[in-house]
Amino acid sequence: MTLLCSLLIILNDAASSFARLAIGIFVFGSLVLAFIDAEHLILPDLIVKPLWVLGFCINSQTSAFVELPSALICSGLVYIFFRTFVEIYYQFTGTLGLGRGDIKLLSVYGVWFGCKGVLAILWVASWMGLIWSTTKVFLKKQNYSTRIPFGPFLVFGALCYLFYPQAFSTILL
């Protein structure tokens, strides 16, 4: 209910109808991705890539969240950094520590919110994932080698940042 009320406030406060529509699509697309990843451990490019394009468009037209050059640089750096990290991790362990869909989703959030937003989203997602996984291990519903969908935690972090960016200003100083 809080999420719905917050969405209505954001949509009413947005500067243009394009921004309102883009935010609505962003929220809907992110929620769909969270449910798909939770069920199937996949983040389909069919949804992820259009969200990236939409973030590019909204920041190029309105700079609603971050200036376009900063958004593009952050999106690219996030993708390159995490893709490199995952490949190196794979060479040492033989397993992927983070799915490629998660990396693409982080890149989407980079183009929407910039580097500050990605750091906030990662912070929330990491804590939520840690709490979730620890609880499941403690309850003996999974072990340490069980794959967990990280997408829902990223989506949760992104929605927290979208609706309450001021909450992260002291955390990210």
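A: Start with burial: a residue is buried under 20% relative accessible area, exposed over 50%, and partly exposed in between (1.4 Å probe, protein chains only). The model is predicted, so local features need pLDDT of at least 70 and side-chain atom pairs count only at pLDDT 80 or more, while totals for chains, interfaces and linings use all residues. Residues are numbered from 1 along each chain as its sequence is written, and side-chain values use heavy atoms, with hydrogens and water left out.

Serine 30 has a relative accessibility of 0%, so it counts as buried. What does serine 30 contact, leaving aside its neighbours within four places in sequence? The partners are Leu51, Tyr109 and Val155. Contact means heavy atoms within 4.5 Å.

Helix 2 covers residues 17-40, and helix 6 covers residues 151-163. Their axes lie 8 Å apart, and the packing angle is about 155°. Axes are lines fitted to C-alpha atoms, for helices over the stretch in contact; angles run from 0 to 180 degrees between N-to-C directions. Helix 2 and helix 6 are therefore roughly antiparallel (over 145 degrees; under 35 is roughly parallel, 65 to 115 roughly perpendicular, the rest oblique).

Ala, Val, Leu, Ile, Met, Phe, Trp, Tyr, Cys and Pro count as nonpolar; Asp, Glu, Lys and Arg as charged; the others, Gly among them, as polar.

Stay with helix 6 and look at leucine 154, which is found there. Leucine 154 has a relative accessible area of 0%, so it is buried. Beyond its neighbours within four places in sequence, leucine 154 touches Asp102, Leu105, Leu106, Tyr109, Ile121, Leu122 and Ala125. Tyr109 is also in contact with serine 30. Take leucine 106: in sequence, it sits 48 residues from leucine 154. In space, their C-alpha atoms are 7.7 Å apart.

Now leave helix 2 by its loop. Leucine 41 is found in the loop between helix 2 and helix 3. Its phi is near 55°, a positive value in a residue other than glycine. Most residues other than glycine have a negative phi. At 34% relative accessibility, leucine 41 is partly exposed.

Helix 3 comes next, and it packs against helix 4. Their axes come within 9 Å and cross at roughly 155°. That makes this pair roughly antiparallel. Trp52, Phe56, Asn59 and Ser60 on the helix 3 side meet Leu68, Ala71, Leu72 and Ser75 on the helix 4 side. The residues of this contact divide into five nonpolar, three polar and no charged.

Last, the charged pairs. A salt bridge is a side-chain nitrogen of Lys or Arg within 4 Å of a carboxyl oxygen of Asp or Glu. How many salt bridges does this rule give? The count is four.

Aspartate 45 pairs with lysine 104, with the closest N and O atoms 3.0 Å apart. Aspartate 45 is partly exposed at 30%, and lysine 104 is partly exposed at 24%.

Arginine 83 and glutamate 87 form another salt bridge, at 3.2 Å from N to O. These two are four residues apart in helix 4 (residues 68-93), so about one helical turn separates them. Arginine 83 has 28% relative accessibility and counts as partly exposed; glutamate 87, at 25%, also counts as partly exposed.

Glutamate 87 also meets arginine 100, at 2.9 Å from N to O. Glutamate 87 lies in helix 4 and arginine 100 in helix 5, so the pair links parts 13 residues apart in sequence. Arginine 100 is partly exposed, at 35%. Salt bridges with shared partners also join Asp45, Lys49 and Lys104 into one network.
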